[in-house]
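Me: I would like to go through some labels used for this model and ask what stands behind each of them.

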Amino acid sequence: MSDLQGDVGLGQGADGPGRAGIWTFAFEGQPAGRVREAAAEIEELGYGAIWYGEAFGRDTHGQAWLLLSATRRIVVASGIANIAYREPLAMANAERTLGEAFPGRYVLGLGGHRVDDTAMDVDGYKVPARGRAVATMRGYLDAMDAAPAYGPVPDPAPRRLLAALGPKMLGLAAERTWGAHPYFVPVEHTARARDILGPEAFLGVEQAVVLETDRARAREVATEHVVGYLRAPHQLASLRRLGFQEEADSGEPSRRLVDAIVAYGDVDAIHARVAEHFAAGADHVCVQVLTADPGELPLRQWRELAPVLTR
């Protein structure tokens with residue numbers, strides 16, 4: 001086991017998200033009471049942050065309120081709040097409300113898949129397009145900053161991150177926000193992102209993992225996860241930049257791609273991958289535990305990983 005003592009678990013709550021966190025989509029399908037219970041346990045396990053996705057389940061700000069109200073210290077971060085779902089004024093007002101109610105504990109991660117010129121159809125619902133990615137995000141940030149505040153202004157102001165993958169979005173993240181939250185990336189991307197962001201910007205990287213010693217079963221779960229993102233244009237563009245041209249063109253996950261995106265095996269194997277991200281320049285790694293049932297809360301795995309990742 002590589003030694004990360006002193007590197008993982010530093011700082012929590014109002015002081016920052018620490019070095020290790022949990023990332024999950026599983027809260028979306030869970031009743032509110034179950035979400036509260038899980039959040040409280042994650043905090044007690046010693047993780048520094050809870051990151052959660054937003055799709056077509058619970059609204060990102062409602063989810064944040066549930067998690068923050070169920071905990072006392074841990075940072076709660078949207079990973080990400082989708083800019084295609086709400087106007088900048090609504091986003092800014094919710095950010096202020098959460099920041100004022102839970103000082104120093106809410107991080108607003110911003111992103112959005114629908115940033116080209118075509119609306120996306122999801123089960124008959126048309127997700128609106130916003131325009132080209134970097135220009136759209138810059139304009140969105142401008143509009144958030146210009147939103148008038150008639151209620152209490154939080155102090156400190158909530159931190160913002162961008163779901164940045166490409167060099168231009170990473171540059172915007174360094175210029176306009178606290179930093180970047182890359183998702184579905186190998187360690188190589190972490191090194192590239194740090195070079196672009198510079199030494200001061202925060203870099204919080206998502207790392208998918210399968211805690212399973214049966215390698216064939218683990219690889220099956222990992223492959224299913226990767227396949228799900230080979231239909232997303234922004235992820236395909238990112239993979240091409242990282243040298244996975246053939247996989248992006250064919251939509252077929254190679255063993256090389258699966259192994260680069262997902263860490264699988266025992267606790268030591270996952271710990272080693274997290275260490276690689278830190279060595280490449282990450283400030284924080286949030287671990288997304290994958291299982292055969294994406295809707296289940298992987299409490300067992302969070303418990304098993306906590307002694308290593310939070311010490």
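Reply: A salt bridge is a side-chain nitrogen of Lys or Arg within 4 Å of a carboxyl oxygen of Asp or Glu. The model is a predicted one, in which local features need pLDDT of at least 70, side-chain atom pairs count only at pLDDT 80 or more, and totals for chains, interfaces and linings use all residues. Residues are numbered from 1 along each chain as its sequence is written, and side-chain values use heavy atoms, with hydrogens and water left out.

Me: What makes Arg 73 and Glu 44 a salt bridge?

Reply: Their side chains meet at 4.0 Å, N to O, and the cut-off is within 4 Å. Arg 73 lies in the loop between α2 (60-69) and β3 (75-78), and Glu 44 in helix α1 (residues 32-45), 29 residues apart, so the pair links distant parts of the chain. Helices here are DSSP runs of H or I with at least four residues, strands are runs of E with at least two, and both are numbered from the N terminus.

Me: Is Glu 44 buried or exposed, and how do you know?

Reply: Buried means under 20% relative accessible area, exposed over 50%, and partly exposed in between, with a 1.4 Å probe and protein chains only. Glu 44 has 55%, so Glu 44 is exposed. Arg 73 has 31% and therefore counts as partly exposed.

Me: Why are Glu 188 and Arg 192 about one helical turn apart?

Reply: Because they are four residues apart in helix α6 (residues 187-197). Glu 188, at 38%, and Arg 192, at 35%, are each partly exposed.

Me: Why are α3 and α4 called oblique?

Reply: The axes of α3 (residues 88-101) and α4 (residues 133-146) come within 8 Å and cross at roughly 55°. Axes are lines fitted to C-alpha atoms, for helices over the stretch in contact, and angles run from 0 to 180 degrees between N-to-C directions. Under 35 degrees counts as roughly parallel, over 145 as roughly antiparallel, 65 to 115 as roughly perpendicular and the rest as oblique. The helices α3 and α4 are therefore oblique to each other.

Me: Which residues of α3 and α4 meet?

Reply: With contact meaning heavy atoms within 4.5 Å, Pro 88, Met 91, Ala 92, Glu 95 and Arg 96 in α3 meet Tyr 140, Ala 143 and Met 144 in α4.
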